[in-house]
Number of protein chains: 2
Amino acid sequence: MIGGSFARALRQAGFSGEIVGVSSAATIAKATGVVDRGVSLEEAAACDLLFLAQPISGIIETLARLRTNALVTDAGSTKRAICQAAGHLPNFLGGHPMAGKEVSGVENSDADLFRGRPWILTSTPPPEFREWLERIGARVLVLSAEEHDHLVALSSHVPQLISNAIAKVSKPARAVSGPGLESMTRLSRSSFPLWRDIIATNRDEIGAALDDYIAAIQAQRDALGRGDDEALFDHRNP
Amino acid sequence: MIGGSFARALRQAGFSGEIVGVSSAATIAKATGVVDRGVSLEEAAACDLLFLAQPISGIIETLARLRTNALVTDAGSTKRAICQAAGHLPNFLGGHPMAGKEVSGVENSDADLFRGRPWILTSTPPPEFREWLERIGARVLVLSAEEHDHLVALSSHVPQLISNAIAKVSKPARAVSGPGLESMTRLSRSSFPLWRDIIATNRDEIGAALDDYIAAIQAQRDALGRGDDEALFDHRNP
């Protein structure tokens, strides 16, 4: 879905070079009109740009097999483990397009997926690559792998775990639920296989961020107990 | 908004009797086509049904002034304090239509607001009233005031407070936020004045539910710490 969306987005933005895909024969068959043809990883190593859009553990396995001087980037949701696995590549640039869908597969790819969304890179990109990202509508943001993993624990990984906890605790009250609870439990429909690698490669930052969230929710409990109700909404203050 | 939506919904469902409104002259002026005319509370006491759609403290003040044998119901978000304030009325039925909008005012009222949404009543309604609620598309649910306040603490009040906490803790990571965080912080745009009465009239149940949520999130922290990652998603098990 992510790889296909990147291919479609480049085409829509006017890229006229060849776009090839490395995947199973079945996926390449479904990718007609998205990529020009399927190739092996060894053949792909001769391209100008390689974009690895797989689960994190798949990206790490691919990196271990890959030998190329080309620009290699990726779409993994955590960055420290991936950047470490790419240490042997002279032109690796960690990437994380913060865009997604609840459906996967090249048949669900979308040329506008990245429009208006942050696309994080772990170091300053070559100007030509940055230009293509901007042409497909992404907002390029350079952050170190460490800073990235810290911030996404706060903005994405822990909110996911809290949504899971809300889904669990609110089960007895489902009959009286409204759109508010729906919004708070939407993420909880994600399944563990999608999260396995994220958690395994960002455990320390997720733990620290979870501690921050627990402290903030405990502070709500304390404010409620002492009747300082206005403090329950002090997030709205600048 | 809620009162006007109920009037519009009844008309759309075929109610041909008179519908009057008790409100400021300015609101009645804006309610042309929604209610037939404005009346005083004393005049309204002679109607067949009174529907109190105000903030909880407003409903409690209105109840204190109201003397009628007519069927009186309300739209307050908590039920114990309101049912207690209605003890002198022979035909009071606590109500909570679980529907809402982010905008208020009769000009934002909507005949379809209650369609498919739960409408909780604190005791069995007279058959004619139940029929009208069903005709406007609401799903009637009878719960005691105690059971109601317990369940909405779980399904609504504490999710609101958690959304507030998420908005606060995630602020430093806003630049890397995606639609997931957006969904988890949507509720946090509510303001304290809308919540003041809810918190004041449901403090005990909100506190107990908040304790349950904190325990569940702490259990996530513990599972993460001991590497039992699959347990982080065990809410998906039946």
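**Close-up views of a predicted two-chain model**

**View 1. A bridge between two strands of chain A.** In this predicted model, Leu121(A) has Val142(A) of β8(A) as its bridge partner. The strands here are β7 (residues 118-121) of chain A and β8(A), which run parallel and are paired over four bridges. As a reminder, strands of a sheet pair through backbone hydrogen bonds, in either a parallel or an antiparallel way.

View 2. Stepping back, you can find three strands in the order β6-β7-β8 (chain A), forming an open sheet with mixed pairing. Which strands are at the edges? They are β6 (95-97) and β8 (139-142) of chain A, each pairing on one side only. From one strand to the next, the twist averages 20°. Helix α6 (residues 127-135) of chain A packs on this sheet and touches β7 and β8 of chain A. The direction of the helix makes about 140° with that of β8(A).

**View 3. Inside the largest nonpolar core.** This core has 100 residues, and the ones touching the most other members are Leu63(A), Ile162(A), Leu63(B) and Ile162(B). Look around Ile162(A): beyond its neighbours within four places in sequence, Ile162(A) contacts Tyr213(A) in chain A, along with Ile162(B), Ile166(B), Met184(B) and Ile217(B) from chain B. In soluble globular proteins, nonpolar side chains tend to be buried together.

**View 4. How the two chains are related.**

Methods
Residues numbered from 1 in each chain as written. Chains lettered and ligands numbered in written order. Predicted model: local features only at pLDDT ≥ 70, side-chain atom pairs only at ≥ 80, totals over all residues. Heavy atoms only, no water. Pairing = 2+ DSSP bridges. Axes fitted to C-alpha atoms, helices over the stretch in contact; angles between N-to-C directions. Contact = heavy atoms within 4.5 Å. Core = buried A, V, L, I, M, F, W, Y, C linked by side-chain atoms within 4.5 Å. Buried < 20%, exposed > 50% of the residue type's maximum accessible area, 1.4 Å probe, protein only.
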